[in-house]
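Please open the structure in your viewer and keep the selection tool at hand.

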Amino acid sequence: MAGSKEIRTKIKSVENTRKITKAMEMVAASKMRKAQERMRAARPYAEKIRNVAAHMSHAEPEYKHPFLVKREGVKNVGVIVVTSDKGLCGGLNTNVLRVAVNQMQAWEAENLSVQVCAIGNKGLGLMNRISANVKSQMIGLGDAPQMEKLIGPIKVMLDAYVAGEIDQLYVVYNKFINAMKQETKLELLLPLSGENLGAPKGHWDYIYEPDAQVVIDDLMVRYVESVIYQAVAENMASEQSARMVAMKAASDNAKTVIGELKLVYNKARQAAITKEISEIVGGAAAVSG
């Protein structure tokens, strides 16, 4: 059995760790509320522009944007992987990266070339370790998604799609369900498909002013940007909720470990006292004898 001093040192160490995890849990809870507010504030716009894009995919405009054209014989695939910059959030990043890597391996088994846009330090690190073809990247996301920072890496992938270097573009991220549940999503971003966006109620075409090409070009880019922004916002809310749950579990485990160590310490202390008493009684008996 370990000595009393060693056990006291362990107890102190675990108590200090518990203070840290408890503080991190409180910080994550505060950030989670703000991240949820940003995510929910962005959802109406994302849903509306998705609805407009659904109508566009079913309409027959005089100008057909490249994002709306389904290509035959897909040979090149792009995927935007959204992860967090930091860890200590349970299996959040592991889940999204497992889905991304498994899908990439499935594409490569079909002899498809895969290009990656990594948003978040954790995803970039893994993609570099597996020697993936990272075409663009974005790290240092902070606590709130910033469109001006996301535009650069997104535009690289969109330009590659327009140039024919990518035939399909996917995005993989964690969708926020509630504080205890996050769902990993793999969505086809381009080409826009009415099957994926959902069939609109009723079919109609739009009247474009001043010109169909100008309006549709701008709309398609805004649609993709809004989807990626929403994906990052959802992932950030998922990150903070997962971190809060992970830190709460760590704090609870630390409390359990402290209780067990204190029990061991009391047993060791009692054994030492009993031994001293036995020695005293034995010594007194020897002297009196």
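Begin by selecting serine 226: its side chain reaches the backbone oxygen of tyrosine 223 at 2.7 Å, a polar contact (a pair of N or O atoms within 3.5 Å; within protein, one must be able to donate a hydrogen and the other to accept it, and residues adjacent in sequence count only if both atoms are side-chain atoms). This is a predicted model, in which local features need pLDDT of at least 70 and side-chain atom pairs count only at pLDDT 80 or more, while totals for chains, interfaces and linings use all residues. Residues are numbered from 1 along each chain as its sequence is written, and side-chain values use heavy atoms, with hydrogens and water left out.

Serine 226 belongs to helix H6; helices (H or I, at least four residues) and strands (E, at least two) are DSSP runs, numbered from the N terminus. Is serine 226 buried or exposed? Its relative accessible area is 7%, and buried means under 20%, exposed over 50%, and partly exposed in between (1.4 Å probe, protein chains only); serine 226 is therefore buried. Not counting residues up to four places away in sequence, serine 226 touches Tyr45 and Ile49, where contact means heavy atoms within 4.5 Å.

Next, select valine 224. With the same exclusion of residues up to four places away in sequence, valine 224 touches Phe67, Ile154, Leu158, Leu189 and Leu190. Val224 is also among the residues that touch the most other members of the largest nonpolar core, which has 38 residues. Such a core is a set of buried Ala, Val, Leu, Ile, Met, Phe, Trp, Tyr and Cys residues joined through side-chain atoms within 4.5 Å. Helix H6 (212–288) supplies the largest share of this core, 11 residues.

Now select phenylalanine 67 and tyrosine 161. Their rings form an edge-to-face aromatic pair, 5.7 Å centre to centre with 70° between the planes; rings of Phe, Tyr and Trp (its six-membered ring) pair if their centres lie within 6.5 Å, and planes under 30 degrees apart count as stacked, over 60 as edge-to-face and the rest as tilted. Phenylalanine 67 lies in the loop between H1 and S1 and tyrosine 161 in helix H4, so the pair ties together parts that are 94 residues apart in sequence.
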